[in-house]
Structure formats: C-alpha cells, structure tokens
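Here are my notes from a first pass through this one.

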Amino acid sequence: MFRTVKKITAKATILLAVVAGLATPAFAAKPPSARHLAQLCSQPPIVQVVENIKPAQITKSQPASFSKKIRAGWRIQGLAELKRAFKANFQWEMVNTSAGSCLRIKAIQVQTGVIQPKIWINPRIRRNSCEYRVTLGHEQQHVQNHNTYIRSFSNDLRRNLASRLRGNGGMVIKAGSDTRAVKDALMQRTLNVLHQINNQHDAVADNKDRRMDTESNYRREYNICR
C-alpha cells in the first residue's frame, strides 16, 4: 500500500495543575450569610489563556510510529507529529466566615499549543528536490491545521470557559476540613470541561487531516513530480 505522507496525532492531553496561591479575604463588615457564601462560592474563576503558535521543527529523529506503519504496509515519505495538549494552572481562594468556609478556584491560566510540532522527512528523499518540497508542503499543511485548532480552542476558552465553570469552581466545606480532596475534585471538574472543549476542536482538525490523507490526494501529490 502506497502512502506519500501521513500525520500522526497524539491525542493525549498534558494536564499540569499548579497551586499558584491561596488567598483568604478579610471581612470588616458583617460576615456573609450561608446563602451569600454559597453565591460567592459559585462565582466563576478569572480565566487567562496563553496561546502558543510554534513553528514546526524539522527533525532527523525517526518517529516511534514509523516501524509500526512500515509493518502495516505503509510507504512513509514524511510524518508530522502533533500533540494537541494544554496546561492548566490554578490559583485558589479560601473564604472563612461564621456561616462556614468556601474553597474556590480564584483564577485559572490555560496554556494552549504547549508542545512544538515536528516534521520528519524520509532521509532517502533528496533535500530541495521536487519530492522533498511536495512532502514538506503536505506536512506543513497538517501543522497549519494544528495551528487553526490552537486558535479556535483558545478563542473558545476566552469566550466560554468562565460561564461553563460557573457553579463548578467552588465548594462549601466544614471548618477544619482537609482541603486536598476538595481541590482534587474541583480541579477534576475543571479539567473535564477543558477536555470536552478541547475534544471538539481536536475533532475538527482531525477531519481536515483525514481529508488530506486520502488515496486520491496522495496520488495527486505523487504525480506532481512525475
């Protein structure tokens, strides 16, 4: 089976939860009621998105998936290694009152495009030849699809993440409770939402990649230099 080029997308999402700080506000006036405390606890966190668009690195290191694809009957001209991943850093706030305590995510920073794309070209292809240029151009289009994913994912987070986290970023707890389990639960809620958003945009990019990696398109690209 002939394959001119093929993209490999590792869909594993990198998740890094960092406790950036813990703030406890003081109340000089009357402390909030239990209802007020619950409302405070349900407020969405401040959302910051750091978008990284990194140029692809041309690598001579053969991708780990190469041997497996060769055994499956593929003829590999090039591979684009793309990991659609993000990192999430958390800042916490603890509110202690006579009505109870609230632990909430005060702010969250999400970094997108954290892993640089890599392009590998089969070394048997002569550099700067027509075949090399066509193969490189195909892989760079996969990288462009990846960059479009980063932008759309980032914009979705800026527009919608805070509202989607409303009511899910805080928890009323008993005074003296161990906050570690509460933090874990709140982070997992948030990461679940991030996964859902990420998967939607990842699927769009995957569809674009699949439309490129068809027999007819491989044949068209193969014939450019013939």
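1. A cut-off first: a residue counts as buried when its relative accessible area is under 20%. Threonine 59 has a value of 11%, so it goes down as buried. Threonine 59 sits in strand 4, which covers residues 57-59. Leaving out residues up to four places away in sequence, its contacts are Lys118, Ile119, Trp120 and Ile121. Keep in mind throughout that this is a predicted model.

2. Now the overall layout. The protein has nine strands and five helices. Read from the N terminus, the order is β-β-α-β-β-α-β-β-β-β-α-β-α-α. Of the 226 residues, 44% are buried. Among contacts with a separation of 6 or more, 85% are between residues 24 or more positions apart.

3. On to the aromatic rings. The count here is three aromatic pairs. One of them joins phenylalanine 90 and tryptophan 92: the centres are 6.0 Å apart, the planes make an angle of 20°, and the pair is stacked. What is the relative accessible area of tryptophan 92? The value is 0%, so tryptophan 92 is buried. Phenylalanine 90, at 1%, is buried as well.

4. Another ring pair is tyrosine 149 with phenylalanine 153. Why does this pair count as stacked? The planes of tyrosine 149 and phenylalanine 153 are at 10°, and planes under 30 degrees apart are called stacked, provided that the centres lie within 6.5 Å; the centres here are 5.9 Å apart. Both residues belong to helix 3 (residues 130-165), and because they are four residues apart there, about one helical turn separates them. Tyrosine 149 is buried at 3% relative accessibility, and phenylalanine 153 is buried at 0%.

5. Ring pairs bring Phe86 into a cluster with Tyr149 and Phe153. Arginine 84 lies over the face of tyrosine 149, 5.6 Å from the ring centre. An arginine lies over a ring elsewhere too: arginine 226 is over the face of tyrosine 222, at 4.0 Å from the ring centre.

6. Next, the packing of helix 3 against helix 5 (residues 215-224). The axes of helix 3 and helix 5 are 9 Å apart and the angle is about 145°. Which residues meet in this contact? Helix 3 brings Cys130, Val134 and His138, and helix 5 brings Asn217, Tyr218, Glu221 and Ile224. By class, four of the residues in this contact are nonpolar, two are polar and one is charged.

7. Last, cysteine 130, which is placed in helix 3.

Methods:
Residues are numbered from 1 along each chain as its sequence is written. This is a predicted model: local features need pLDDT of at least 70, side-chain atom pairs count only at pLDDT 80 or more; totals for chains, interfaces and linings use all residues. Side-chain values use heavy atoms; hydrogens and water are left out. Rings of Phe, Tyr and Trp (its six-membered ring) pair if their centres lie within 6.5 Å; planes under 30 degrees apart count as stacked, over 60 as edge-to-face and the rest as tilted. Buried means under 20% relative accessible area, exposed over 50%, partly exposed in between (1.4 Å probe, protein chains only). Helices (H or I, at least four residues) and strands (E, at least two) are DSSP runs, numbered from the N terminus. A charge sits over a ring if NZ of Lys or CZ of Arg is within 6 Å of the ring centre and within 35 degrees of the ring normal. Contact means heavy atoms within 4.5 Å. Axes are lines fitted to C-alpha atoms, for helices over the stretch in contact, and angles run from 0 to 180 degrees between N-to-C directions. Ala, Val, Leu, Ile, Met, Phe, Trp, Tyr, Cys and Pro count as nonpolar, Asp, Glu, Lys and Arg as charged, and the others, Gly among them, as polar.
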